[in-house]
Amino acid sequence: MAAKRKKKTLVAGRTYYKQFNEEIRALAEQGVTDFTIKECNGQRYIATALEGDLTFDIYGVPGQDLGAFMRGPKIRIHNNAQDGVGNTMDNGRVIIEGLAGDVIGYAMRGGEIFIKGDVGYRVGIHMKAYLDHQPKIVIGGKAGDFLGEYMAGGIILLLGMFSGKPDAPIAGRSLGTGMHGGVIYVRGSVPEDQLGPGLTATPVDSDDLKVIEALVKDYAKELKLDSKEIMSENFVKIRPFSHRPYGNLYVPC
Amino acid sequence: MLFQPINKNYHEFCIDRDPDLCINCKVCVRQCSYEAHYWDETRQKVMHDNTKCVGCHRCEALCPTSALNIRNKPSDFRTNNLWRPVFLQNIYKQADTGGVLLAGMGSPVDIPVYWDRMLLDASQVTNPSIDPLREPMELKTFLGAKPRKLDFSVNKKTGKAKLKTKLTPQLELDVPIMFAAMSFGAINFNLHRAMARAATETGTFYNTGEGGLHKSLYKYGDHTIVQVASGRFGVHRDYLKAGAAIEIKVGQGAKPGIGGHLPGEKINDKVSETRMVPIGSDAISPAPHHDIYSIEDLLQLIYALKEASEYKSPVSVKIAAVHNVAAIASGIARAGADIITIDGMRGGTGAAPAMIRDNVGIPIELALSQVDQRLRDEGIRNNVSVVAAGGIRCSGDVIKAIALGADAVYIGTATLIAVGCTICGRCYTGKCPWGIATNDTKLSKRQNPDIAAKKLANLIRAWGHEIEEMLGGMGLNSIESLRGNRDKLRGVGISDTELDILGIKHAGR
């Protein structure tokens, strides 16, 4: 039986983030499960380190480190997001109906971040997978430099479709540099010289397509997009060339 | 043509086995994880291969008949003060392999040790010294931001005063010595257990290092500082709430400017579970935190962690002692850190490129005095506590560090020495014969957590007693009276510049 839901609408307005987050934590403690946040004006750390089956519907632009360290909540942002969304998050889902800034999903270990538009630099760095924790980031637009740097696990899917940057390459330079786990899927193709050293983009196989299809279906549903249109193009994948890229670098002195 | 590596016989150590004493019991064969000792079936006796010896002294320590003696190899190259043997040997190795020189433990290079160039004061005649065995002596230390002033309200009826100022969270230490960050993975679980217990028993703290905290150690959380490094291994909401403080590791004294790298060989099931990374895969910590490119970004992470702990845990930022350490520390204090940990260049490590370990950074003594002075000059010293680390060898070093301005110290290498480490420096091989820097099941059994905890607690108590004695000798009855009290220090045999940086007078003045 589903647990009883309790709704609450908050107006962020000019409230300082510390007080605002304290209020959210106190309400969650009192059993509020579904938060609607109106007039968000860059308040930081919303839903940071929260746990459990909570939902956040955010209007306005939330600030840095939204949902950092969180485990479970589902957040929908009806606008753009700033930097650090889902920093080291464990589980849950973040849906961003606009653009997102830099360092999205740093070291995230589980859950999903779905972004409709473009993202900034260093998105999905050091994502890692562990047992059934499989973090996933889907980017509808284009990505800045160093997407998936040091990636150790999980999935990044880059679509390049809903971008405000018609002249930019689908991903910036050093895509996947230093990655030693996980996979990056790119819709269409990616210029080879954008890839990190030692990496190549190869065509996806039927197993990959199953993974992509499931992810796209989920993504399209959340963002009310046409999954068939997204799947109408080929995909390539980028995988690490080694799980131990620096294994032979050293000599004992 | 060379048919064997040029450096094959340039090994560092010789194993001397006294044939009259050796009873061929094979203890050395079983103890040596580098297989320097072996049983020769044809000759029916124990033999050894000097080239494999790393100088850990495990065999010598356990030989039941004292038949073994490990020596430096006496063979010398032609004396040359520029081209010392270490440079020749390293070049030969690199020419053979093309590898980056990897080293373990702190830097062995001959840079000045200022602890040895500073002397403490004692009372004579005019102010009485105090005998700590018979009089109260206060080593209690609180780490965390202190308010600039205190406000009180007075109840008009009862006349009782009540503190109005809201205090920020503090760590309460019975002795100003903590066990330094050494990750589970770099050292094994038995030692983490031992540190957790010893810290609890002696009223101090141990630092998890960047490898997460095993669930079974959460019960020692009140005496645990949990670390967050760039790899974010094992970092999650429960972990952040499990400790009494959170430390952001920006840098490490042994390897300023570079990240960490736990080789796949050391990642077994338990390490994998704690770090939450797959077994056998390398655990790489990037050099920078990629979300920190400025003091403003650091502030963002500090407050993310404060939010995560609901402002119950003080947040520490650990940096390596580098050239502009004072200015950096000032930035960290302004970014909202409660504690700044400064790790000097002699700090230990499980693995670091030798060139970085031996050539980058500055000694902790100089860094510490400059940081303390800068924070005082800027009037923000009360906003942060300062913890010094990196080459603290005895209680004399601890008390000098406190007189130079530290609130407390971290001891890492000394912690390991207490349980048998001989600083052979091969921590990165995962074969530590003392069962310290290894996760091998058989080798780690050599550390019994009960005995190790006892030894660590003994060390803290012994140093605590010595500190009390030295304080008493100076006529002080509280460590607080010594903190940053540089008048209690004098330099000996160092230059005016060094005295100036340390902020002390020369002995005799």
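**A walk through the sheet of chain A**

Let's begin with the sheet of chain A: 11 strands line up in the order β1-β2-β3-β4-β5-β6-β7-β8-β9-β11-β10, forming an open sheet with mixed pairing. At its edges stand β1 (7–11) and β10 (201–203) of chain A, and because each has a single partner strand, one side of each is left without a neighbour in the sheet. On average, neighbouring strands are turned by 15° against each other, direction ignored. Keep in mind as you look around that this is a predicted model.

Stepping back, chain A holds three helices and 12 strands in total. Its C-alpha trace spans about 55 × 55 × 40 Å along the principal axes. The radius of gyration of chain A is 18 Å, which agrees with the value near 18 Å for a compact globule with 253 residues. Buried residues make up 50% of the chain. Of the contacts in chain A with a separation of 6 or more, 43% join residues 24 or more positions apart.

Finally, a word on confidence. The predictor gives the complex an ipTM of 0.94 and a pTM of 0.94. Chain B averages a pLDDT of 94, with 99% of its residues scoring at least 70.

Key: Residues are numbered from 1 along each chain as its sequence is written. Chains are lettered from A and ligands numbered from 1 in the order in which they are written. This is a predicted model: local features need pLDDT of at least 70, side-chain atom pairs count only at pLDDT 80 or more; totals for chains, interfaces and linings use all residues. Two strands pair if DSSP finds at least two bridges between them. Helices (H or I, at least four residues) and strands (E, at least two) are DSSP runs, numbered from the N terminus. Axes are lines fitted to C-alpha atoms, for helices over the stretch in contact, and angles run from 0 to 180 degrees between N-to-C directions. pLDDT is the predictor's confidence in each residue, from 0 to 100. The radius of gyration is taken over C-alpha atoms; the globule rule is 2.2 Å times the number of residues to the power 0.38. A residue is buried if 20 or more other C-beta atoms lie within 10 Å of its own, exposed if 12 or fewer, and partly exposed in between; C-beta atoms are placed from the backbone. Two residues are in contact if their C-beta atoms, placed from the backbone, lie within 7 Å.
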